[in-house]
Amino acid sequence: MLMKPEDVLHAIAERRGEGIVVPTMTTAPAWRRIAPDDLSVTCVGFMGGASSLGLGIALARPDRRVLVLDGDGSLLMQLGSLATIAGAAPRNLVHFLFKNGVYHTSGAQGIPGGLSVDFATMARGAGYRLTAVIDDLADFTRRLPDLLRAEGPVFVELHTGLAEQTPMTVRERTPFHQQLHDARAKLLRPHPGAGATAHA
Amino acid sequence: MPESIPASLVIETLKDTFREARAALAAEVAEPAMHTHLGWILSVPDTHQKTVLAALDKEESIRVVTCATEDEAVCIAAGLHVGGEPVVLMIQHAGLYASVNTLRGVAMDGRVPVFYMIGLLNREKDKDPRESRHSMVRYCEPLLDTFGVPHARLEGPNDVHLIPEYYRLSRARRGPTAVLVGLETS
């Protein structure tokens, strides 16, 4: 039986520590519900960008784990990011891929290649330090602490069913620019008495 | 129009731009800097800026990340911005066209100060770029105008002051700005 995305997200939420989370598409509504106060930035409106956004944060903040919650259709839109991430080699990046074989948000049309696309092999070939394929929740829960501690970039292909909600069924969300602003404000504490916003 | 822009001049200007950005951040933020280098270049290789990119390979004070696409470069820039890191994108006009949705969805809607240096490959020295016979040159400024992205032409050594000016402008307006590199660096 395929893993429920919500169960996987609950497991990640329980063990993420101070990790910064970058969910996208069908992981986004559930993650907001499961971890509403989390330090996270959601990618919706520029499908495919989660892995690269996560890379940027990981490079900027090597002291924090960055967890990307990607989708298979999304990753196909910036598949080259596997090579870019491997080339930049962030030790603190864990790239989770929720593989369901469809573009769930737009009506569950099949992705090119469907479930036969082997993303873990592509990530390994690109140069990720560690890759894993997991299709069982108990196995995932058991291995997750090691995956979160491992030297990155780490790629974890998760075989899941469809999420209960999508960005099309849950439209209320914090605007992207506000999420970026909030995340930046949490990561960059201002000097006492200084303005609230830093401009590097 | 001059023959070229020295790569060393561009790199020294980038260093000064990054130093200024780091100083501005240090004045506002309590935490010590995470990195010892000055800033980041995100590049998708560009013919006009190839000597700058080659020289940057040997430059330890600036870290270069070569990206597979311009979409990635803009998203990575947004992530670096979240973490307080100064960053410049070096791409080619064709890459701007290829990444318009990310320009809109990330740099504009995300209010991310993305500063682009865009090489205008095939820009004719005796023609205004808007009248170029090459569509890749001709449409660049009108595209930026359509999206309301401030831009300027970098067409000789005397124009390098545009780099810090448009970098600062991207921070001030919290959105993208660009300088168009109209001739090859040397």
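Which residues does B:Leu42 touch, not counting residues up to four places away in sequence? They are B:Val65, B:Cys67, B:Ala73, B:Ile76, B:Ala77, B:Val87 and B:Leu89. Two residues are in contact if their C-beta atoms, placed from the backbone, lie within 7 Å.

This is a predicted model: local features need pLDDT of at least 70, side-chain atom pairs count only at pLDDT 80 or more, and totals for chains, interfaces and linings use all residues. Residues are numbered from 1 along each chain as its sequence is written, while chains are lettered from A and ligands numbered from 1 in the order in which they are written.

**View 1. Chain B as a whole.** Chain B holds 8 helices and 6 strands. Helices (H or I, at least four residues) and strands (E, at least two) are DSSP runs, numbered from the N terminus. Along the sequence the pattern is α-β-α-β-α-β-α-α-β-α-α-β-α-β. The radius of gyration is 15 Å, close to the 16 Å from the globule rule for 186 residues, so chain B is as compact as a globular protein of that length. That radius is taken over C-alpha atoms, and the rule is 2.2 Å times the number of residues to the power 0.38. The C-alpha trace spans about 50 × 35 × 30 Å along its principal axes. Of the 186 residues, 47% are buried. Buried means that 20 or more other C-beta atoms lie within 10 Å of the residue's own; exposed means 12 or fewer, and partly exposed is in between, with C-beta atoms placed from the backbone.

**View 2. Helix α1 of chain B.** This helix covers residues 7-28. Its 22 residues should span 32 Å at 1.5 Å a residue, and its end C-alpha atoms are 32 Å apart, which agrees. The expected span is 1.5 Å times one less than the number of residues. B:Val10, B:Leu14, B:Thr17, B:Phe18 and B:Ala21 are buried. Seen down the axis, the buried residues fall within an arc of 95 degrees, so they line one face of α1(B). The arc is that of the directions from the helix axis to the C-beta atoms. On the other side, B:Glu12, B:Ala23 and B:Ala27 are exposed. The buried residues pack against elements of chain B including β1 (39-43), α2 (50-56) and α8 (162-173).

**View 3. The loop residue B:Leu38.** B:Leu38 sits in the loop between α1 and β1 of chain B. It counts as buried, with 20 C-beta neighbours inside 10 Å. B:Phe18 is 20 residues away along the chain, yet the two C-alpha atoms are separated by 5.6 Å. Not counting residues up to four places away in sequence, B:Leu38 touches B:Phe18, B:Arg22 and B:Ile62, among others.

**View 4. The side of chain B that touches chain A.** Chain B brings 36 residues to the contact, and chain A brings 38 residues. On the chain B side, α3(B) gives the most, with 9 residues. By class, this side has 18 nonpolar, 9 polar and 9 charged residues. Ala, Val, Leu, Ile, Met, Phe, Trp, Tyr, Cys and Pro count as nonpolar, Asp, Glu, Lys and Arg as charged, and the others, Gly among them, as polar.

**View 5. The loop residue B:Ser132.** B:Ser132 lies in the loop between β4 (115-119) and α6 (135-138) of chain B. With 17 C-beta neighbours inside 10 Å, B:Ser132 counts as partly exposed.
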